[in-house]
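This report goes through selected features of one structure, section by section. The sequence and the model come first.

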Amino acid sequence: MNEFLTVMVGLILALLALGLVRVLRGPGDADRMMAAQLIGTCGIAALLIIGVIGDISAAIDVALVLALLATFAAAAFAECARRAQQPDTPPETEGP
Amino acid sequence: MTIVPALDLFVAGVVLIVAVWTVVARDSSSAVVGFVAYGLLLALVWVRLGAPDVALTEAAIGSGLTGALLIGAAARLRAGESSTSAEHLGGVGRTLVAALATIVAAAIAVALLSLPDPAPSLAPEAAANAGATGLGNPITNVLMAFRAMDTMLEKFVLVIALVGVWSLAPDGAWGGRPRSYHRADPEGALVFLARVLPPLGVVLGIYVLWVSADHPGGAFQGATILAAMWLVVLMAGLGDVPEVGRQQLRLMLVAGPVVFLIVGLGGLLLGGAFLSYPQDWAKPVILAIEFAMILTVAATLALLVAGPPERSAEP
Amino acid sequence: MSGPVAVLESAGSSGALLVLSIVVPVAAALVAFVAGGRRTAWIALAALPVGLAVAVAIAAKVPQTGGALVYLLGGWAPPLGVALRADGLSAVMLVVTACVVAAIGVYARADFRVAAGAAEERAPFTFWILLLGVWGGLNTVFLAGDLFTLYVALEILTFAAVPLVCLDGRAETLQAALRYLLFALLGSVLYLAGTTLLYGAYGTLDVVLLSRLVTAEPAVLVAGSLMTVGLLAKTALVPLHLWLPPAHAGAPPAGSALLSALVVKGSFFIVVRLWFDVMPGLQSVAATQMLSALGATAILLGSVVALRQERLKLLIAYSTLAQIGYLFLMFALAYDAGAASMLKGDALAGGMLQAMSHAAAKAAMFMAAGSIYTALGHDRIAALAGAGRRVPGAVAAFALGGLALVGLPPSGAYLAKELLLRSAADTGQWWWAVVIQAGGAFTCAYLLLVLARVLGPVNRTATADETTDETATKRGRVGWSQQAAALALAACSLALGLVDWSAWLPVPPGTRLSSSLVDTIAAAVWPVLAGGVLAVLLGRWTPPPRGRLQQAAAALGPLRRAGVALGAGFCRADAFLRQWPVAGLSLLALAIVFGAALSARY
Amino acid sequence: MSETIVFGLCAAVVAGLGLYGAIVNPQPLRKILAFNLLGSGVFLFFGVVARRGAAAGFPGDPIPQALVITGVVVAFSATALALALLLRYFDATGSASLRDGAASNAGPESTDA
Amino acid sequence: MIGTVGEHRTVQRAAIVRAVLLFGFWTILAGVGVADLLVGVGVSALATRVSLHLLPATPRRYDPVAAARLALRFLRQSVVAGLDVARRAFDPRLPLRPGFVSYPARCPPGLFRSAFTAFTSLQPGTLPAGSDDGGIVYHCLDVDAPVVSQLATEEVALSGVVRHE
Amino acid sequence: MSAVLDLVTIVAVSAGVFFFLAGTVGLLRFPDTLTRLHALTKADNLGLGLVALGLLPQAGSLQNGLKLVCVWLLVLLAGATVSQLVAQAARREGSSS
């Protein structure tokens, strides 16, 4: 079983690398923002399988944290890209 | 199991590709995104190295918070990027640096490979002394008992760094709030995320702390998740950063290290040593310190990301 | 395991003093952070005497223990746990640090005051907390017996020091702070890389345990060179000094005093620990000579560039550069080729004594320069005339501090020089004796250059007229407490030679100055003369327009032109070395060369 | 134990890349990035050392692993401080170049405050 | 917040539902030891407070049966969406007619609409890309496909889960 | 029994990897940012779901299995919101340039 899973991780990682190269080359910010998403799916899948291969059940916890924080990084990037493009948003009012 | 080593080569290969990208990318924001990706991938490496605790830390800090910091900075610096042709190194210089860096890296690699085998390890000693705290996670034992001094000082580092960041405020804004995020589209996806995700993040963050007693996890990693959740709320405009002049905030920011210090001195006064724990109560005391720490660290990390106060306090 | 435990036994209740000396500043910083407003300064000032008392108590205890005062944190013995250790070196550094911090605190009270009833202000609040942070970091550096704890302490030190540079928020100081931080970070990561290798090789980071284990293995040699170079970057030894002059000159006076007197000593102290305690047997002639050669270069470069400075604070900053170089002379002198090991003897004692004297003297000089700046509204050396009347105490402190640095008896620097010279004679390395003497002469040169201006007649040059108008508004009053604090430190530095250090430093009992008048005069005269010559040849001064001096200047003509050209050349070299890529290249090259030099023996 | 060799080499390359980037890249932001890369390379050394010391039923020596966690916190603080400084400097001057510092003390003539 | 009885009950009910869900999440994570459950009660209370603060309770009722049906539908649609992309990606002719379609959503801007866009972003061929006056702008892989009617079906399905009182 | 479970794993994980492949091929072949985004979101989310499904039999305990499902749900939530943010950014880029 481990051999099969290892091959699968290898495939996923190769696809991840290919995708990352494509995504990081841009041209726009939007393309690059996809990097976080790509890792959020491919990377987590690889992590989960690696956890099974190495019999490390904590890998699932790591995957949970990764899922949460990959979102966070992507959201931060989206927010910053928005601000960089629209610097003249009206001044903020108090939040609810 | 013959094929498993190939797995490590794959992981290392992908990590290296992204690392190279981070260094050579032309514009800063794509380098930063590369770094975020690198940080996330590093979590895989740490799992492979049998260190899920560190994988959690790396996933949380290395890409999450550091990524948010760097991304924010890259966006703000974009305007000034074109003007930086300074201290540029010519081709010869670059080659020279590359050659020297290669030599240093090679020396380190040789040194690493020449390390004695079997490697010296404190793992048996850590295992033998685990009973003193009753904790099942050896790393929590190291952080909270064997090397508690480092952990205490590390919290102090965070406070000092925060004071350093605050010291960069314009004088008029002292006591005020850090730069705000512009108000996001109230029906946008970000606001939706900020309404739904944080409760889950709170549960997950405290879980990571709670589980650290016996399994991989930790107060610091949990605090990072909480900080990230708070930052999502801030980015979505659902809340505002508190004024740095507020005493309650300051109290919260030092509560963790102060509790740590008090417990440490208590150990000293009760006849033990500084940072020693009462024999039968070690586990609850350590968990109590960690709970005190999580809020402090979460607030400190979030404020470090938020930056120095730039809006003056309300009159 | 039985060996270490026996030696690592905690020294009873007095060991708790070591904990206190770290906890006092840390706790004070935390409480001051919460208190805010005027209370921040009060808490910091209240912590100063407490910390000083703890330091003195430690220094009093250490000689009774025979070796070192040890405390096992949490009751865990190394290698699993972390120990705090105070040997003689730590003890004296603790006391000197506490004294200097206390004086800086007294001095800064006037600069970083919050008026009664006023709102909390940024600069005072951050200054006091950072002061306590620097102090806590330094105490940890002196006491920690574990290489990783030392790393954390170093970072506390750096993070507390960097914001001090740009407390005024001007663009130049922000830039200086940024360069400082980035380069220091590079240094600390290299240090950390070394600690990893050591752990990988021996499974411990405890200084004492490591010292018993280390042998010449590739991992250790690489670790040694990386850690040394990383620490040198943090200490700003030439050619890794790109950050120091703007940072030390740009900070507010109290900050400059702290940075120049103490912060660089933190990483220097770890170099000493590393070379003398962790791996004394691994050094080689090549490595020690190289380190000291860098020191000699620093003396030459720093001094000559200092002589060419226009502003007092930059002059003092470059003087720090030169003095840091002076500290590294002891490494070649302490190396015993016969035993193939670093010896803890006269050379080490001399070096540490020099570090202490410099701490006190340099803090006094920066504080005095700050007072002069406040009094005159500027610190251009050419227009310093009249400072003596406005702030006599500060000028006296500057002069006394300078004289102490030059090494006039009975200063600590004089004793240090004696010890270093003795060791040079013992080991037959006459060339270092030349460098040592030259260092004193150079110090004297820039001191004379400044004093000649300060004590000279007022309004002689046109520049002075201009500056009086332009800076009149910037002038302020300098309180007596500021001048007294500077003066007290300078006096301390000057009196350090009178103490018998044998209880703490590796010198035979009774080693102190037996200053007979003849000796004193002889020792005083020649550096002053040599310094005068150097100042005339290399210094930045304009020939006086009338009188006999003019003829003398004309007679000097060709020599003087050569001197000026030489000075300009040094300034260009300094500017070249202080470019980021050049400094980075030097960092890498030094790491490689050190590695080669360390392994050259085998 | 092959993973220690693979990741040991990987760590050395990452550290070398970080050194190269920190020295060569002119923009401070990229230097900070490179510093983080260098730091993570060093942390990976710790990871490799820890893995080599796997014993007593632990997948790695817990002491170096714990040291990495502390180190990551310190590196994060460093990054936050450096970025805050950089942004403040950028706001003050409108430029993110560190060039002027090299120039401003080139000759004493230009150091007038 | 002027608390009428009805509002109070709304808040209470929402709090209970969310607390139960979050507690369930906690037990999945931490397991069911006694200490785990005790801490879990506190944690879910805290998380519920956070949730109520960020997402104030509204007088809505959720239909569990419809929700289950929606979940199944969602799973099926996910597979369809994946297959759709795979088909287009592997087809050598690359059959794409990308473009924007404006969908005049019936639901007003607000939380429900956010949920709707989030839901539809995982549906085959559609990707919400912002809003213009009154409608949601969708990016489609195939503009000729019956996107609007498909979206309308989704909206009905989703609104079946939520009943306003 | 375990052979059946292993078969489930093999089939599901292989299918998952197939969708990852589809996603990456789409990422490489599709002409513009927004279509690439389609490929990424749709195919990769499904791929991860299938991988998680395939690992369920190997998870060892019910708790771990439920955690796997949670991972997938979290990634779905993330994908659903982040893809909208990216799409908005891409649309702005498209309109501004």
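Helices (H or I, at least four residues) and strands (E, at least two) are DSSP runs, numbered from the N terminus.

This is a predicted model, in which local features need pLDDT of at least 70 and side-chain atom pairs count only at pLDDT 80 or more, while totals for chains, interfaces and linings use all residues; side-chain values use heavy atoms, with hydrogens and water left out. Residues are numbered from 1 along each chain as its sequence is written, and chains are lettered from A and ligands numbered from 1 in the order in which they are written.

## The interface of chains A and F

How many residues of chain A are in contact with chain F? There are 44 on the side of chain A, and they meet 40 residues of chain F; contact means heavy atoms within 4.5 Å. The area buried between the two chains is about 3600 Å², and carbon and sulfur atoms give 78% of this area. Buried area is the accessible area (1.4 Å probe) that two parts lose on being put together, summed over both.

Two salt bridges are found across the interface of chain A and chain F. The side chains of D31(A) and R36(F) meet in a salt bridge with N to O at 3.0 Å. On the side of chain A that touches chain F, the elements that give two or more residues are α1 (2-24), α2 and α3 of chain A. The largest share of that side, 15 residues, comes from α2(A).

## Other salt bridges

Over all chains, the structure holds 32 salt bridges. One of them joins the side chains of D27(B) and R32(A), with N to O at 3.8 Å. This pair also crosses between chains: D27(B) lies in the loop between α1 (4-24) and α2 (28-48) of chain B, and R32(A) lies in helix α2 (residues 29-54) of chain A. D27(B) is partly exposed, with a relative accessible area of 25%, whereas R32(A) is buried at 7%.

Within chain D, E3(D) and R51(D) form a salt bridge whose closest N and O atoms are 2.6 Å apart. The two residues are 48 residues apart and link distant parts of the chain, with E3(D) in helix α1 (residues 2-24) and R51(D) in helix α2 (residues 28-52) of chain D. Both E3(D) and R51(D) are buried. Salt bridges that share partners also join R76(B), R179(B), E310(B) and D91(D) into one network.

## Which chains touch

Nine pairs of chains are in contact, and among these chains B and D share the most contacts. Chain C and chain F do not touch, their nearest C-alpha atoms being 33 Å apart. Chain D and chain F are not joined by any contact either, and their closest C-alpha atoms lie 19 Å apart.

## Backbone details

A cis peptide bond joins D117(B) and P118(B), with omega about 5°. P118(B) lies in the loop between α4 (91-113) and α5 (123-128) of chain B. Another cis peptide bond, with omega about 10°, joins P78(C) and P79(C). P79(C) is found in the loop between β1 (69-72) and β2 (83-86) of chain C.

A236(C) is not a glycine, yet has a positive phi of about 65°. A236(C) lies in the loop between α9 (218-235) and α10 (244-250) of chain C and is buried, with a relative accessible area of 0%.

Key. A salt bridge is a side-chain nitrogen of Lys or Arg within 4 Å of a carboxyl oxygen of Asp or Glu. Buried means under 20% relative accessible area, exposed over 50%, partly exposed in between (1.4 Å probe, protein chains only).
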